[in-house]
Amino acid sequence: MNFGLYLPLLAGLAFCNHCRRPADGQADALALPAAIAMGLATAIMLLLGGGLLTLADSARPGLPLPLVASVLQAASALLLAGTLQRLAAGTAAALGLHWPLLLLNSLLAGLPLYFLPSASSAAASLCAALLSAALFTLLLAQFATLPHRLQRCALPARLQGRPALLLCALIIALALHGLGARLS
Amino acid sequence: MSRPSILPAHTDPGSQPLLTTPLPAQLRLWLQGASCCVEVGQRVLKHQLLAEADSEFGVAVHAPTSGHIRAIGPLPQALPDAPLLDGLQLQPDGLDEALSLPAESNWPALSALALAMRLQDMGVMGQHGPLLPLAWAAKASPLALLIINAVENEPFLQADSMLLCEQAAAVAEAMAMLGRILQPARLVLAIQQEQGAAINALRSLAADQCWQLEVIQAPYPAGDEAQLLRALARPEESGNSLCLPVAGVHAAGRAILHGEPCISRIVTVSTALKQSHNMRALLGSPVADLLTCAGLSSQQHALVHGGGLRGFALPDATIGIHQHSHCLLVRPRQPALTAQPCIRCGDCASICPSQLQPQELYWHCSRQELAQAQHWRLADCSQCGLCSAVCPSQLPLLDSFRLASQQLLLAEQQQCAADAARQRHRFRQFRLERDKQEKAQRLAERAAQQAAKLAQQAAEPTSHAEPTATAADKQAAIAAAMARAAERQQQRPAVAPSVNSSEREAAIAANRQAAIEAAMARAAARKAAQEAAKAAAADAPAMAKDEDQNKPGLNQQQQALIQAAMHRANAQKAAASSSPASLDQDKKALIAAAMARAAARKAAGDETEQDK
Amino acid sequence: MTLVLRLLLLLLAIWLLGKVLRSSAQKLRPATSTLPPLAERIDAILPQTQCGQCGHAGCLPYAQALARGEDSINRCPPGGEDGIRKLAALLHTDYLPFAADAPPQKPKAVALIDEATCIGCTLCIQACPVDAILGSAKQMHTVLADECTGCELCLAPCPVDCISMRPATSQPADWRWGYPVIAIKAVKPGSSS
């Protein structure tokens with residue numbers, strides 16, 4: 001795994017997240033807060049998963065890393081989903097913080113972090129987790145505001161709506177791939 | 001694109017002399033908010049009153065020169081897509097015979113309201129309507145800051161600078177007059193740095209005067225009232241300050257100190273080649289005459305009325321100039337530019353003096369999303385036109401903002417009207433309900449009375465005391481109604497003097513007030529009549545029953561009915577005679593005036609309809 | 001050391017998420033207790049002509065029917081399509097175009113009584129829902145143009161047909177505000193160069 005694959009993966013994940021949003025007037029008004037909330041939730045899950053992994057590693061060294069990491073990431077996602085369900089169920093649902101989506105984000109954004117070549121030291125892995133969460137938030141916000149901006153372009157009718165968005169996601173993924181390839 | 005590169009540098013008018021246009025062959029004057037008081041074919045003298053203001057926002061119109069009135073009727077306005085507006089055509093006879101109007105000899109004794117009305121009579125116009133708004137003058141609140149705005153309100157313009165250079169002493173006199181009457185705590189003449197010649201002309205006069213000269217360095221939209229207030233007013237003054245254009249102030253000085261009504265103004269005729277002429281032109285002179293005077297022909301050029309940024313194209317050159325025609329731009333005819341899609345260059349946002357995002361605003365305005373446009377602060381747009389000027393795609397930004405803000409205003413007015421209608425409808429429902437209850441109550445009372453009467457009759461066969469008692473009651477009711485009417489009549493003259501003093505200012509209110517009062521008087525009379533009739537009807541059966549004993553059945557009933565009818569007729573007559581009496585002379589006159597005005601407005605409406 | 005830092009960052013992220021949730025919760029439920037009842041909010045949108053073209057006795061009964069969900073939102077021709085959009089946004093329903101048999105939309109008009117023909121029967125006064133007609137028996141009646149909503153309810157009762165509707169905006173006097181620097185009507189794109 002390297003950044004050249006990981007960063008486009010984030011772009012695809014953000015696109016998936018955007019496609020799962022309902023398309024009504026209220027969702028439009030909450031698009032930006034929803035993107036920020038999902039980004040923060042991802043950050044929490046990454047930090048929690050990483051922390052738990054460090055603890056597990058120090059308690060019982062020698063466990064297979066892929067298994068432990070996926071179990072811990074899933075556990076942190078479900079923990080967060082449960083807490084949200086208990087404390088702010090209505091708002092969380094309106095902002096799109098459903099447990100399948102949280103689980104997906106946690107696994108897809110979290111697992112590759114442990115196999116990046118730069119994740120050798122604890123500080124570096126923390127830094128990578130934070131940066132990836134920040135990038136993910138930015139991408140979500142980007143997709144939240146894209147439909148409005150695309151409306152103003154004189155696009156051909158065939159490209160209106162989802163296809164245009166998919167093209168944008170591809171362009172972003174390509175650009176991120178270039179960036180990631182240079183980083184790794 | 002930086003600001004100086006698109007705005008032409010202000011050129012000093014010093015090099016060019018002030019021209020005077022020759023007498024045009026025909027003058028076209030509009031009658032907006034004014035009612036005509038001359039007839040077709042009549043000969044009028046210079047300075048003669050042609051139309052007097054009929055609303056708070058209108059100003060009087062005076063003859064710019066002597067001549068004959070050729071026509072009174074709808075004329076095209078100097079506005080894009082505006083409907084025809086009533087106006088009059090004056091054919092000058094070349095003699096220029098003037099009516100000598102007396103100057104106000106004791107002008108220092110004038111109050112603010114009297115001054116405002118005098119200026120309205122003299123046809124001195126400010127930014128909107130009369131120079132001093134009548135509603136403001138009537139409030140007579142102390143004025144903290146009075147700004148005389150001599151900043152040119154568009155690039156290319158020199159009209160105000162020219163006026164200051166030529167008539168500096170007259171302007172200073174007029175300002176002293178305004179300062180004396182309005183008593184502002186601070187009187188400031190605002191002028192822009194570039195107007196060097198005008199500053200020089202004023203600087204010598206500014207010493208030991210009651211006003212200060214403020215030189216402003218801000219770029220273009222500095223001439224707007226809001227910008228000037230922001231630049232000059234201290235925080236505590238910004239609430240009660242007034243901003244007057246210098247041309248209006250000069251005209252006010254001429255009107256009050258010399259008795260000359262406002263019949264001309266200075267117009268800048270400018271071409272794209274940076275040669276401009278300033279000329280004093282009579283109001284109503286056709287645009288073509290001004291162009292000829294400047295040595296240009298109207299055939300080959302496109303005309304823009306107003307400045308280069310906020311102006312609009314004039315359809316033809318026969319339109320007469322009015323008090324706001326400070327500038328005529330003459331440009332070579334070009335094929336119309338077509339708007340291209342926005343390329344998001346951001347030039348409009350960087351040049352906007354109000355720090356708005358014109359491209360966002362334009363998007364929402366063009367899609368009629370007024371709520372979103374308000375969210376993007378459409379209300380803060382000063383409509384300076386800079387964004388349209390810099391737009392590389394030639395988008396009609398200014399026009400769409402103008403349209404959208406008018407739509408917003410319209411929506412607001414509609415909301416107000418709907419609220420008023422809701423209130424009236426609710427009150428009507430309440431009134432109907434109340435009337436129904438009162439009627440039911442009355443019926444119940446009457447039934448009870450009749451029952452009592454029947455019981456009494458059963459007890460003692462004949463009694464005349466009862467009918468006379470009800471008759472007395474009825475008399476008392478009529479007398480009370482008359483007394484009420486008389487009281488109202490007396491109240492009316494008590495109000496009248498104050499109405500007289502601010503007559504025209506209260507004209508619109510009075511018009512309706514009179515109608516309502518008349519209706520109230522009529523309603524009171526009708527109520528009295530009803531009461532009387534009911535009382536008559538109530539005691540008629542009783543009387544019939546009284547006579548029941550000694551007369552045959554059918555005959556008696558008929559007689560009773562006739563008697564009741566006579567009672568009712570008498571009562572009605574009394575009411576009818578009292579209702580005209582309740583309208584005193586003054587009220588009648590007001591109603592007649594209101595009706596005349598309504599008829600005139602109707603006629604105007606018909607005419608415009610026919611034109612359409 | 002990094003564990004402590006990680007813990008701190010975790011707490012910070014949780015706190016931020018809490019703030020975002022709280023602020024969007026406020027946006028979702030804008031203090032429903034302070035809002036007036038739904039019927040009144042609908043009534044505030046309706047144009048208050050009280051014309052009865054919706055089949056109800058006035059704007060408020062229509063608003064109440066809408067609030068109870070007993071009528072559709074496309075019954076108000078004076079409100080226009082704009083009014084339907086506002087109602088749809090308030091009631092969280094879809095936009096509904098006017099029915100094919102709906103009364104046509106007309107520009108705003110005010111009633112005008114022909115003073116020569118009026119016989120003073122007071123029938124129109126009783127019909128006017130906003131008390132915009134003045135007069136009494138056997139006296140000429142007149143319409144207060146400022147108060148008239150253009151509901152046309154006075155046309156039918158008039159026995160001599162002396163009431164006509166006049167467009168409300170054709171008078172030059174209505175062009176007063178903004179005179180004359182600001183154009184009143186739509187400026188065609190490109191006309192101001």
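B:Gly123 touches B:Val59, B:Ala60, B:His62, B:Cys262 and B:Gln323, leaving out residues up to four places away in sequence. The model is a predicted one.

**B:Gly123**
- B:Gly123 sits in the loop that joins helix 2 (112–121) to helix 3 (134–139) of chain B.
- The relative accessible area of B:Gly123 is 1%, and buried means under 20%, so B:Gly123 is buried.
- B:Gly123 and B:Pro261 are 138 residues apart in sequence, yet their C-alpha atoms are 6.2 Å apart in space.

**B:Thr21**
- B:Thr21 is found in the loop between strand 1 (18–20) and strand 2 (27–30) of chain B.
- B:Thr21 counts as buried because its relative accessibility is 11%, and the cut-off for buried is under 20%.
- Neighbours within four places in sequence aside, B:Thr21 is in contact with B:Met279, B:Arg280, B:Ala281, B:Leu282, B:Leu290 and B:Cys293.

**Helix 4 of chain A**
- Helix 4 of chain A covers residues 65–87, which is 23 residues.
- At 1.5 Å a residue this helix should span 33 Å, and its end C-alpha atoms are 33 Å apart, so the two values agree.
- The buried residues of helix 4 of chain A include A:Val68, A:Leu72, A:Gln73, A:Ser76, A:Leu80 and A:Leu84.
- Within chain A, the buried residues of helix 4 pack against helix 3 (31–59), helix 5 (89–94) and helix 6 (99–114).
- The buried residues of helix 4 of chain A also pack against helix 1 (2–28) of chain C.

How values were computed: Residues numbered from 1 in each chain as written. Chains lettered and ligands numbered in written order. Predicted model: local features only at pLDDT ≥ 70, side-chain atom pairs only at ≥ 80, totals over all residues. Heavy atoms only, no water. Helix = DSSP H or I, 4+ residues; strand = E, 2+ residues; numbered from the N terminus. Buried < 20%, exposed > 50% of the residue type's maximum accessible area, 1.4 Å probe, protein only. Contact = heavy atoms within 4.5 Å. Expected span 1.5 Å × (residues − 1).
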